[in-house]
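This report describes the sheet, a helix contact and the nonpolar cores of one protein model. The sequence and structure are shown first.

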Amino acid sequence: MLALSAAATHAEQAQPRFTPDGTVQVPAFDLPPSELASEEARAMQRQRGVRPAAPPRQQEPDIAARRAQLDAMMAPQVQAMRTRYPVDIAEDVIAGVPVRIFTPKGAKADPARVLINLHGGAFTMCWDSCSVLESAPIAALGGYKVVSVNYRMAPEQAHPAGVEDAASVYAALLKHYRPQRIGVFGCSAGGALTAQLAAWLPAHHLPQAGAIGIFGAGAVRMESGDSAWIAAAIDGSFPAPARPGEAAIDMTRGYFKAADMGDAIISPALHPDVLAHFPPTLLITGTRAMDMSPAVYTNSQLLKAGRRSTLIVGEAMGHCYSYMADLPEARDAHAASIAFFREHLK
């Protein structure tokens, strides 16, 4: 009887409570590694208990120092990606914008198709590392030429600098490729920027791209929806959104400081008339990623607009899990991306 009573008390304590305004007071609980995740993913989760990362906190004020810190931290991931996916890399400038061109190592790239990569990094950093992590597997596996764009970022620049640079490179590539054979993709800030470019092109009388990949993001403000709150509690890589009276941490360092975040270019998923002109879209997110809600919402809105949209949600995966070369889930995401572009870049 005592055990039964204790079980009943535990069940009572474990119930969420709902306040009159609809807020859910979530009880603390232990979330074990998912049995549906790969053994490699579960091992990575166990490592977080051995070497826990520092919790999200106030940003390093010196952007040059922060960029250097990030590249140093990501160097092992970059090396692992280059080892698994050998590529040739060339620095260039297209339409006045610095770019990095990836091609399969020692082989000719597809002469009729090209992909544009818009790298992640909160619109502030990660050009050196993220361009490799995102572009190398696509170039090596798909046999594509991938043009990664070093678009202008904050704090030096602000929106719409990034999408303007992406559009300039795209317009220059139109001189050599049919628009139906140009694909665009990116992760995190680069995924959001990919969505912005898909909205920007028709609005500026440029032909739409053949297909796009929005990874680790959606076509709406990053902290929108449930997942930003849930991921802050179960993943911890990003802080939760600011509560009333709290000062928000602006990871973009003012990139959108003068912008309306509901604008049709910044958040096209809020504008059905804009989504109606989107090309086939692949969205990739994870069940523990803060970007899951924006991705899921974007997929739903694209389908409502009558557009082709494919959504992949990696079980137990966090933000931009495709950066981890040794994860089977990441390799699945790379393969799915190649198959998607191969299908749609006709």
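In this predicted model, an open sheet is built from 8 strands, arranged in the order β3-β4-β6-β5-β7-β8-β9-β10 with mixed pairing. Its edges are formed by β3 (87-94) and β10 (309-314), each of which pairs on one side only. From one strand to the next, the twist averages 20°. Within the sheet, strands β4 (residues 97-104) and β6 (residues 145-149) run antiparallel and are joined by 4 bridges. Val-99 has Val-149 of β6 as its bridge partner.

Helix α5 (residues 161-173) packs against α6, their axes coming within 9 Å and crossing at roughly 65°. This crossing of α5 and α6 is right-handed. The residues that make the contact are listed below.

| Helix | Contact residues |
|---|---|
| α5 | Gly-162, Val-163, Glu-164, Ala-166, Ala-167, Tyr-170 |
| α6 | Leu-193, Gln-196, Leu-197, Trp-200, Leu-201 |

Sorted by class, the contact of α5 with α6 comprises 8 nonpolar, 2 polar and 1 charged residues.

The largest nonpolar core contains 52 residues, of which Ile-116, Leu-118, Phe-123, Tyr-151, Val-169, Leu-173 and Phe-278 touch the most other members. Helix α6 (residues 189-203) supplies the largest share of this core, 9 residues. When residues up to four places away in sequence are not counted, Leu-173 touches Ile-94, Val-114, Ile-116 and Ile-182.

Conventions. Residues are numbered from 1 along each chain as its sequence is written. This is a predicted model: local features need pLDDT of at least 70, side-chain atom pairs count only at pLDDT 80 or more; totals for chains, interfaces and linings use all residues. Side-chain values use heavy atoms; hydrogens and water are left out. A nonpolar core is a set of buried Ala, Val, Leu, Ile, Met, Phe, Trp, Tyr and Cys residues joined through side-chain atoms within 4.5 Å. Buried means under 20% relative accessible area, exposed over 50%, partly exposed in between (1.4 Å probe, protein chains only). Helices (H or I, at least four residues) and strands (E, at least two) are DSSP runs, numbered from the N terminus. Contact means heavy atoms within 4.5 Å. Two strands pair if DSSP finds at least two bridges between them. Axes are lines fitted to C-alpha atoms, for helices over the stretch in contact, and angles run from 0 to 180 degrees between N-to-C directions. A crossing is left-handed if the near helix is turned anticlockwise from the far one by less than a right angle, and right-handed if clockwise. Ala, Val, Leu, Ile, Met, Phe, Trp, Tyr, Cys and Pro count as nonpolar, Asp, Glu, Lys and Arg as charged, and the others, Gly among them, as polar.
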